[in-house]
Amino acid sequence: MDDAEVVIGPVNLAARVDEALAVQAVAFGLDAGEVAVRRHIVLRHLLSPGARAYGATTPDGRLVGFVYGMPNDRTHWWSTVVETYLRATGTADWLDDSFVITELHVHPAFQGRGVGRELITTLTDGAAEPRSILSAIDTESPARGLYRALGYVDLARQVHFPSAPRPYAVMGAPLPLKRRN
C-alpha cells in the first residue's frame with residue numbers, strides 16, 4: 001500500500017456514517033433502502049461497549065475504507081443467529097472471548113492494495129480478546145481469500161441471515177492475525 005495515498009487511523013464512525021455507508025454501498029452493492037437500514041444498525045453498534053472503528057482516508061480526507069468491531073456479546077442479534085450453526089459444527093465456544101469484525105469495506109478503486117488488510121489488522125491488534133470472528137458471504141471471493149491469509153478458518157458455512165439473499169460463512173482466527181512473510 002502506498003502510505004502517501006491512503007492513511008489508516010481511528011475514525012469517528014458515528015460522525016462519518018454516511019461516508020462509510022457510501023463506500024459500503026459501492027463495495028457491497030447496496031441500494032438506498034438497504035443503506036438506510038444499515039445506518040441505524042451501525043449507529044446502534046457503535047454504542048456497544050468496546051466498539052472501535054478505523055478508516056482509510058486519502059490525503060484530501062476522503063474516506064475510502066472502514067472497519068469496525070467490538071467484543072462479541074452472545075445477546076446481540078448476530079450471535080443469536082450464528083449460534084445454532086456454530087453449535088452444529090462444535091464451534092459455539094468461538095462466541096466467547098472473541099472480537100467480532102462487524103463490517104470491513106474498501107471502495108473498489110482502492111481494493112487489492114492492502115487497505116483492507118491494514119484496516120483489519122490495525123483494529124484487531126488493539127483487541128483484548130484472544131481471537132476474532134466474522135461473517136462473510138459464503139463464496140470464493142477476494143474478501144474470503146484475505147481472511148484466510150490472515151488466519152481465519154471456516155467455523156460454519158451456509159449460514160442464513162433473515163433478509164439476506166445469500167448464505168454466509170462464519171470464520172474465526174486467533175489473535176494477533178497472521179502477517180505476510
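Residues are numbered from 1 along each chain as its sequence is written. This is a predicted model, in which local features need pLDDT of at least 70 and side-chain atom pairs count only at pLDDT 80 or more, while totals for chains, interfaces and linings use all residues, and side-chain values use heavy atoms, with hydrogens and water left out.

Helices (H or I, at least four residues) and strands (E, at least two) are DSSP runs, numbered from the N terminus.

**The sheet**

Now colour the strands, and you will find an open sheet of seven, in the order E1-E2-E3-E4-E5-E7-E6, with mixed pairing; two strands pair if DSSP finds at least two bridges between them. Strand E1 (7-10) and E6 stand at the edges with a single partner strand each, so one side of each has no neighbour in the sheet. Strands of a sheet pair through backbone hydrogen bonds, either parallel or antiparallel. For an example, select strand E3 (residues 63-71) together with strand E4 (residues 98-106), which pair in the antiparallel sense over seven bridges. Within this pairing, proline 71 has phenylalanine 99 in E4 as its bridge partner.

**The aromatic cluster**

Next select Trp77, Phe161 and Tyr168, which ring pairs link into a cluster. Rings of Phe, Tyr and Trp (its six-membered ring) pair if their centres lie within 6.5 Å, and planes under 30 degrees apart count as stacked, over 60 as edge-to-face and the rest as tilted. By this rule there are three aromatic pairs. One of them joins tryptophan 77 and phenylalanine 161, a tilted pair at 5.6 Å centre to centre with 35° between the planes. Because tryptophan 77 lies in helix H3 (residues 77-88) and phenylalanine 161 in the loop between E6 and E7, the pair ties together parts that are 84 residues apart in sequence. Phenylalanine 161 also forms an edge-to-face pair with tyrosine 168, at 5.2 Å centre to centre and 80° between the planes.

Is phenylalanine 161 buried or exposed? Phenylalanine 161 is buried, with a relative accessible area of 9%, and tyrosine 168 also counts as buried, at 13%; buried means under 20% relative accessible area, exposed over 50% and partly exposed in between (1.4 Å probe, protein chains only).

**Charges over rings**

Turn to arginine 113, which lies over the face of phenylalanine 110 at 4.9 Å from the ring centre, and then to arginine 131, whose charged end sits over the ring of tryptophan 94, 4.7 Å from its centre. A charge sits over a ring if NZ of Lys or CZ of Arg is within 6 Å of the ring centre and within 35 degrees of the ring normal.

Most residues other than glycine have a negative phi, and most peptide bonds are trans. Select glutamine 158 in strand E6 (residues 153-159), where phi is positive, about 55°, although the residue is not a glycine. Serine 163, in the loop between E6 and E7, also has a positive phi, near 75°, and counts as exposed at 80% relative accessibility. Finish at proline 176, in the segment after strand E7 (168-174), where the peptide bond from leucine 175 to proline 176 is cis, with omega near 0°.
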